[in-house]
Amino acid sequence: MMLIRDRWLEGGTEGIIKIQDPATEEFFAEVPKASEREVDSACKAAADAFRSWSRSLPKVRSEFLSRAAEELEKRTEDIAMLLTREQGKPLKESKGEIKAAAGALRFFSRCADLPVGEWRAPNRSGTLNFMKRYPIGPVAVISPWNYPLLLTAWKVAPALAAGCTVVIKPSSKTPLAVTEFVKCLVEAGVPGGVVNLIHGRGSDVGMALVRHPVIAKIAFTGETETGKVLMREAAEGIKRLTLELGGHCPLIVAADADLEAAVEGGVYRCFRNMGQVCNSINRIYVERSVYKEFVRMFVERTARLTIGPGLEDPDLGPMVDEGARKRVVSHIEDAVSKGAEVVYGGKVPEGFEKGFFFEPTVLANVDHGMISMQEETFGPVAPIMAVDSLDEALHLANGLRYGLVAYVYTRDLGLAIRLADELEHGTVGINNVIGGEVEHPYAGWKESGLGFELSEHALEEFLLLKHIRIKWELK
Ligand code: NAD
């Protein structure tokens, strides 16, 4: 269903999009596809509602967001089933995603009445200067398929808290859980037009949305190449943008590291959600003296991961579709053709003829001439490379166009601080692989993004600054 103003539309005038279960390959649901006219209606609804929502009391917006969090939590079980069926991830991961999305709604409900202005000491006698922030306008919220609900909530919650209205376009691969999320917002009492939902592919519906003249800001998570297209489109109307894009996240393991912890963290961050996470570890640099031992322990830990349909709650479900699986195979083939050794996995697991399953794969003897060391595989592949020094690892870790997250394991505090300072990434995890937390800002450097999400500062991304100068001494 799509939501335009306060009307749910069962059918779109452009036909339907079929949704496939990646564990069974069955098409089990469908959503209507928006036409250009429906995109236009949704944007106009957001523009009409902006006048009153942007002037509503922050307290009202805050209460609404916390009611929405309650609605979402109440529906965790049934939405988790849908999320697992459309995306493939294990049920416990789907529940975790919903819990985190409710957490984002709650966090930003507490941010709605944060100060939006400041007084300045006068620089001329008889004047007052103050700076005040205003909601930017209707926002296009465009989210990807890997964490469809959470990444939509990360944008919608601060946008609504700031007083903006939204038109949401989820990925056409995973529109179902986001639709239920929007139902929770409606159930919580959002006024008509404040939240709108349309479905369709990025190349037509997404493009029509970002081009629409009433859209003042684009809040996007997705591939770096799509981000570049959106930047070019945004240039036409000097629209504001927040871009959370692709990554190629390094893990550096020093010889003095707690190897067990590094392996535990590394295996989790390489293979969680089948490696289909922006902050997945894509390449591992290990000091040569502990390389063999690290690879042995890594393989041993990987072999204990269970694989199966997400509804059965294994460690790993299927990949999202055949295209994603083919990319993984091509990256492995490229690495092997250039001398890499597959030390674990590398194929479709036995007994999984249906569904887009793939074994978690560990590659040894890799180097930077291989595609998997340069481009995001977005799949369950862990290439492990030996380095002669940590300076070499640092140089390689900073050598790509991406700069999202980097991880380091070491017991040397001085080294940890030096690497944290010198790694050119928006987030650095030392002796941990904890992912995006709503309390802390999350931002990609270089081609991994523009602007940031999360933390109370994320509100600023939905506000415009105005300087008001008052001359009160009239003489
Ligand atoms: P994608 O760029 O293909 O699509 C993302 C969204 O953009 C979808 O809703 C899609 O329909 C839409 N879209 C595509 N082309 C468009 C266009 N021309 N105009 C408007 N909308 C358009 O990305 P994906 O395959 O869904 O997601 C995977 C990518 O997302 C990976 O690169 C991953 O690293 C990245 N990602 C980044 C973060 C982060 O926080 N940095 C988080 C999750 C995923």
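Biologist: How many positive and negative side chains does the protein chain have, and how far apart do the centres of the two sets lie?

Modeller: The protein chain carries 57 positive and 66 negative side chains, with the centres of the two sets 8 Å apart. Lys and Arg count as positive and Asp and Glu as negative, while His and the chain ends are not counted. The place of a charge is NZ of Lys, CZ of Arg, CG of Asp or CD of Glu.

Biologist: On what kind of model does this rest?

Modeller: This is a predicted model, in which local features need pLDDT of at least 70 and side-chain atom pairs count only at pLDDT 80 or more, whereas totals for chains, interfaces and linings use all residues. Residues are numbered from 1 along each chain as its sequence is written, and side-chain values use heavy atoms, with hydrogens and water left out.

Biologist: Turning to cysteines, how many disulfides does the structure hold?

Modeller: The structure holds zero disulfides, a disulfide being a pair of cysteine sulfur atoms within 2.5 Å. For Cys-43, the nearest cysteine sulfur is that of Cys-164, 14 Å away. For Cys-249, the nearest is that of Cys-278, at 7.0 Å.

Biologist: Are Cys-43 and Cys-249 buried or exposed?

Modeller: Cys-43 is buried, at a relative accessible area of 0%, and Cys-249 is buried, with a value of 0%. Buried means under 20% relative accessible area, exposed over 50%, and partly exposed in between (1.4 Å probe, protein chains only).

Biologist: And what share of the 475 residues counts as buried?

Modeller: In the protein chain, 57% of the 475 residues count as buried.

Biologist: Where is Ala-112 placed?

Modeller: Ala-112 sits in the loop between α4 (91-111) and β5 (117-120). Helices (H or I, at least four residues) and strands (E, at least two) are DSSP runs, numbered from the N terminus. Ala-112 counts as buried, at 5% relative accessibility.

Biologist: Which residues does Ala-112 touch, not counting those up to four places away in sequence?

Modeller: Ala-112 touches Pro-58, Arg-61, Ser-62 and Ala-161 on that count, where contact means heavy atoms within 4.5 Å. The C-alpha atoms of Ala-112 and Leu-160 are separated by 8.4 Å, although these residues are 48 apart along the chain.

Biologist: What part of the contacts with a separation of 6 or more is between residues 24 or more positions apart?

Modeller: Such pairs account for 74% of those contacts in the protein chain.
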